[in-house]
Amino acid sequence: VFTSMFMHGSWEHILGNMLFLWIFGNNIEDAMGPLRFLVFYLLGGLVATASQTFVTLEFGSERAAEIPNVGASGAIAGVLGAYLVLLPRGRVLTWVLPIFFFEIPAVFFLGIWFLFQLFVGSQSFVAPEQGGGVAYFAHIGGFVFGLLAVRLFTIGRPRPLRPAY
């Protein structure tokens, strides 16, 4: 279970995960401190893996149960959930093709991201092959873990700086 959090299916997979960790993770690590952040991250990955495993075994096919879970995205989804709780007024620089950048509120960005996970994850029940091997329920489970557990990991720590606007 632990090693799967550090394995990835492709360069795009690991680069995408590292981009999200870079954007959101440093703020959460600052709020928790490095040791608490490490424990939070690993627990988020465990909850994410358990979520995906439960949904796959309970509702998926035998073929789906044979596909390994790899990647850090479930643990990183926990970081996203924590960010939503701690810094909902933060802003995220967002890229829209071809080369258009603009800032949007984190609550909007993360809300759309989460709704996308729910929508595509629910569609995977109807047409499992459409999911492309992405563990959407790991993302959902990790995100919910982050929402619910972040306060436990920030007890006694200074509050993160809030954007001034």
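1. Let's start with Val47, which counts as partly exposed at 31% relative accessibility; here buried means under 20% relative accessible area, exposed over 50%, and partly exposed in between, with a 1.4 Å probe and protein chains only. Val47 sits in helix 2, residues 34-59; helices (H or I, at least four residues) and strands (E, at least two) are DSSP runs numbered from the N terminus. Not counting residues up to four places away in sequence, Val47 touches Gly141 and Phe145, where contact means heavy atoms within 4.5 Å. The C-alpha atoms of Val47 and Ala75 are separated by 8.1 Å, and the two residues are 28 apart along the chain.

2. A word on provenance before you go further. This is a predicted model, in which local features need pLDDT of at least 70 and side-chain atom pairs count only at pLDDT 80 or more, while totals for chains, interfaces and linings use all residues. Residues are numbered from 1 along each chain as its sequence is written, and side-chain values use heavy atoms, with hydrogens and water left out.

3. For the overall layout, the chain has 6 helices and 2 strands, and from the N terminus on the order is α-α-α-α-β-β-α-α. Of its 165 residues, 40% count as buried. Among contacts between residues at least 6 apart in sequence, 73% join residues at least 24 apart. The chain exposes about 9900 Å², with carbon and sulfur atoms supplying 70% of that area; accessible areas come from the Shrake-Rupley method with a 1.4 Å probe, and for residues only the protein chains shown count as cover.

4. Now have a look at Ser73, in helix 4 (residues 73-86). Ser73 is buried, at a relative accessible area of 16%. Its side chain makes a polar contact of 2.9 Å with the side chain of His139. Such a contact is a pair of N or O atoms within 3.5 Å; within protein, one must be able to donate a hydrogen and the other to accept it, and residues adjacent in sequence count only if both atoms are side-chain atoms. Leaving aside neighbours within four places in sequence, Ser73 is in contact with His13, Asn17 and His139.

5. Strand 1 (residues 91-96) and strand 2 (residues 100-105) run antiparallel and are joined by 6 bridges; strands pair if DSSP finds at least two bridges between them. They form a hairpin with 3 residues between the strands. Leu93 has Glu103 in strand 2 as its bridge partner.

6. The structure holds 1 salt bridge, defined as a side-chain nitrogen of Lys or Arg within 4 Å of a carboxyl oxygen of Asp or Glu. The side chains of Arg91 and Glu103 meet in it at 3.4 Å, N to O. This pair links distant parts of the chain, with Arg91 in strand 1 and Glu103 in strand 2, 12 residues apart. Arg91 counts as partly exposed at 37% relative accessibility, and so does Glu103 at 47%.

7. Finally, the surface of the hairpin. Leu93, Trp95, Leu97, Ile99 and Phe101 make a nonpolar surface patch of about 650 Å². Patches are made of residues with over 30% relative accessible area and no salt bridge, joining like charges within 9 Å and nonpolar side chains (Val, Leu, Ile, Met, Phe, Trp, Tyr) within 5 Å. One of the patch residues, Ile99, is found in the loop between strand 1 and strand 2. Ile99 counts as exposed because its relative accessibility is 70%.
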